[in-house]
Amino acid sequence: MGTDRSTPLLQVNDLQVYYGAIYAIRGITFVVNEGEIVSLIGANGAGKTTTLRALSGLIPSTGKMEFCGKDLRKIPTHQRVGRGLAQSPEGRGVFPGLTVRENIEMGAYCRRDVAQIASDMEECYQLFPKLRDRRAQLAGTLSGGEQQMLAISRALMAKPRLLLLDEPSLGLAPLIVAQIFEIIQRVNKKGVTILLVEQNARMALKQSHRAYVLETGRIVLEGMGHDLLENDQVRRSYLGV
Amino acid sequence: MQDFAQHFINGLSLGSIYALIALGYTMVYGILQLINFAHSDVYMMGAFCSYYAARFLNLNDSQGLPSFVVLLMSSIIGCAILGFLIERLAYRPLRNAPKLNVLIAAIGVSLLLQYTGQSVFGDDPKVFPTVLPNVPVLEGSSFTVHSLDLVVLGVTLLTLLVLNLLIFRTRIGMAMRAVSQNMRVASLMGVNPNRIISATFILGSALAGVGSVLVGLKYPKVEPLMGTMIGMKAFIAAVLGGIGNLSGAVLGAVLMGLSEEMVVGYLSSTYRDALAFGILIAVLIFKPAGLLGRSATEKV
Ligand SMILES: Nc1ncnc2c1ncn2[C@@H]1O[C@H](COP(=O)(O)OP(=O)(O)OP(=O)(O)O)[C@@H](O)[C@H]1O
Ligand SMILES: [Mg+2]
């Protein structure tokens, strides 16, 4: 795509979320530029998942959210994926009673270009050959790692401009984690912008162009991925050194 | 034991009618976890739709397939529209309300339809037009198969086949299954849950519409409270099979129809209805998730 990673794709201003009386996101402002991998790191309960849910419209929120220059609030949840905003949710969220193949097809639900869908599905199978072997199997019977691969494939099938990934490495063996991050890099090189939520801060910071650190609903730090890796506060709180 | 074949045929025929109605309960439950009490009254309204269609078109004495198709279509369309409206007007506004509130709304809609039926159509039973002849077509030594039994079985099988193709072979069917498994994630994939929920109500109600015409032909009596008992039994059949599970609903319904006919045949018809409730209690005690149902912990 040859981008200089300075054109804003997603702009969020003063985003706030309440769960009843719980003030979960306390006015955060951040930007994701075209072509970037940006990660959002923070402790359990910091509000990372909540931020992604708000972006997809799964929960009510206030503040400004602009995607491709358009106000996201004017787009209903189910139409956001068609506009290029796909999310692979926390806990994977594969459809357990659908086959692997049907799950992947669901990812392309918003698309109509049948021939292109078939070749994208083939690409997913090349990315994750395991899924091809299991394509007729119910997704609920896959292992955790396989389900994660399926969730990522499914999100890719939407051909998103911006991919929101919620803890893609959760519960996976180190080798698989490395593989998942390799694929994230590959997808990004093909022009997909990525907003990555991760517990695995070291890995996330290494792999990202930029990152934001979230603490109880506020952004407390931001910077280039490799700079944050050297940051004392980050090293103490999130890297355990 | 020589009447067994006869009872078996009757039971199968009754069971397939239960199946058509049980599917509506189970589909709605699968997607909204709601027991749609109004479903049995949608069924009743379907019978009235075809009754009045027959009157206005003067089909009462014209026997034959075209008349049957007209009755079927008027009932299906009437039920589909009614099912759509019930969801749109009564249940959708309560989408984020506690489940109990929606359940109470469902009871309210059910009563509304019953009383509307009584005041508009009157309490007195009406005679359903018998547009298909009920003649013996197959006679064995100990049993007779009537033409209506064949119609009931044939129409039910065809309907189930179409339903199966729709749910497992089409895009909207896949979306229905996805929404029933995880509505939020389905909406992330671009599925509009409201659309799918409407489609589910339309489809389930249309099945009840098919059922009401088949029942009308076999037991030609139409009245505003006709849905109560058969709806209850179909619901129990759905629970027996595992509510939310489509094949379970069909299995439960057939078992229900068969056991009911066997009770009538070998015990006494007095126990006919008691059996249904006996089955319900037994299922709740021994297999709360139903024959093919997933246990609560499995359904994430
Ligand atoms: N549905 C909900 N109802 C009430 N409170 C919620 C709900 N979901 C999240 N919260 C609260 O909001 C806060 C942020 O939660 P969130 O899930 O966004 O955290 P997170 O950063 O994703 O954490 P983790 O790393 O553990 O996934 C937490 O305090 C959580 O308890
Ligand atoms: Mg989270």
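Student: Which residues have the most contacts inside the largest nonpolar core?
Tutor: A:Met106, B:Phe68 and B:Tyr91. That core has 90 residues. A nonpolar core is a set of buried Ala, Val, Leu, Ile, Met, Phe, Trp, Tyr and Cys residues joined through side-chain atoms within 4.5 Å. Buried means under 20% relative accessible area, exposed over 50%, and partly exposed in between (1.4 Å probe, protein chains only).

Student: Which helix gives the most to this core?
Tutor: Helix H1 of chain B, residues 4–32, with 13 residues. Helices (H or I, at least four residues) and strands (E, at least two) are DSSP runs, numbered from the N terminus.

Student: What should I know about the model itself?
Tutor: It is predicted: local features need pLDDT of at least 70, side-chain atom pairs count only at pLDDT 80 or more, and totals for chains, interfaces and linings use all residues. Residues are numbered from 1 along each chain as its sequence is written, chains are lettered from A and ligands numbered from 1 in the order written, and side-chain values use heavy atoms, leaving out hydrogens and water.

Student: Back to A:Met106. What is it in contact with?
Tutor: Leaving aside neighbours within four places in sequence, A:Met106 is in contact with A:Phe95 and A:Leu98, plus B:Met174, B:Ala175, B:Ala178, B:Met189 and B:Val191. Contact means heavy atoms within 4.5 Å.

Student: What does the second core include?
Tutor: That separate core has 49 residues. It includes A:Phe128, A:Ala155, A:Leu165 and A:Val192.

Student: New topic. How many helices and strands does chain B have?
Tutor: It has 11 helices and four strands. Chain B's radius of gyration is 19 Å, close to the 19 Å from the globule rule for 300 residues, so chain B is as compact as a globular protein of that length. The radius is taken over C-alpha atoms, and the rule is 2.2 Å times the number of residues to the power 0.38.

Student: How much of chain B is buried?
Tutor: Of its 300 residues, 52%.

Student: And B:Ser198, buried or exposed?
Tutor: Buried, because its relative accessible area is 7%. B:Ser198 sits in helix H8 of chain B, residues 193–218. Leaving aside neighbours within four places in sequence, B:Ser198 is in contact with B:Phe84, B:Glu87 and B:Arg92.

Student: Where is A:Gln147?
Tutor: In helix H6 of chain A, residues 144–156. A:Gln147 counts as buried, at 16% relative accessibility. A:Gln147 and A:Pro96 are 51 residues apart in sequence, but 9.5 Å apart in space, C-alpha to C-alpha.
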